[in-house]
Amino acid sequence: MSSLEKREKAMEEMYFLNSEMAFRVQSRRDRLLAQWVVALVGATDFEAYVAEIIDVRMTAAGNEGVVAKILADVRSAGRVLGEKELRARMETLMADAAEAIVRRPDRSPTSQA
């Protein structure tokens, strides 16, 4: 294998590791976000709500779909939540999730946050 091929393989491996890390951080953030929303609206089925959030994000909707779903859920529960506040909370939770993953990389993204 030539040095160019070795370098290309190493870059591919780094790309996949970075992609996996990003997925783990987003999944952790989704759990933290769902926990916050469930408490905000007084829902009881945390695991089902986490699954809904992850499902929305994993479909083509991405983070914009997550924002739309949460705002709709909060409004339907009779609560008030601004989009700006939600996005700020999402950013904070993303940082918290990244820190948690770095501190404890052995934890599964679907384990309790």
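Predicted model: local features only at pLDDT ≥ 70, side-chain atom pairs only at ≥ 80, totals over all residues.

## Nonpolar core

Within the largest nonpolar core, which has 24 residues, the members that touch the most other members are Leu 33, Tyr 49, Val 66, Ile 70, Leu 81 and Leu 86. Two or more residues of this core come from each of helix H1 (3-41), H2, H3 and helix H4 (83-103), and H1 gives the most, with eight residues.

Tyr 49, one of the core residues named above, touches Ala 34, Val 37, Val 38, Lys 69, Ile 70 and Asp 73 when residues up to four places away in sequence are not counted.

## Packing of H2 and H3

Helix H2 (residues 46-58) packs with helix H3 (residues 62-76) at an angle of about 140 degrees, and their axes lie 7 Å apart. Because angles over 145 degrees count as roughly antiparallel and 65 to 115 as roughly perpendicular, H2 and H3 are oblique to each other.

On the H2 side, Tyr 49, Glu 52, Ile 53, Val 56 and Arg 57 take part in the contact, meeting Gly 62, Asn 63, Gly 65, Val 66, Lys 69, Ile 70 and Asp 73 in H3. Sorted by class, this contact comprises five nonpolar, three polar and four charged residues.

## The chain as a whole

The protein chain has four helices and zero strands, in the order α-α-α-α along the sequence. Its radius of gyration is 17 Å, well over the 13 Å given by the globule rule for 113 residues, so the chain is more spread out than a compact globule. The C-alpha atoms fill a box of roughly 65 × 25 × 20 Å along the principal axes.

Of the 113 residues in the protein chain, 32% are buried. Among contacts with a separation of 6 or more, 62% are between residues 24 or more positions apart.

Methods: Residues numbered from 1 in each chain as written. Heavy atoms only, no water. Axes fitted to C-alpha atoms, helices over the stretch in contact; angles between N-to-C directions. Parallel < 35°, antiparallel > 145°, perpendicular 65-115°, else oblique. Contact = heavy atoms within 4.5 Å. Nonpolar A, V, L, I, M, F, W, Y, C, P; charged D, E, K, R; others polar. Core = buried A, V, L, I, M, F, W, Y, C linked by side-chain atoms within 4.5 Å. Buried < 20%, exposed > 50% of the residue type's maximum accessible area, 1.4 Å probe, protein only. Rg over C-alpha atoms; globule rule 2.2 N^0.38 Å.
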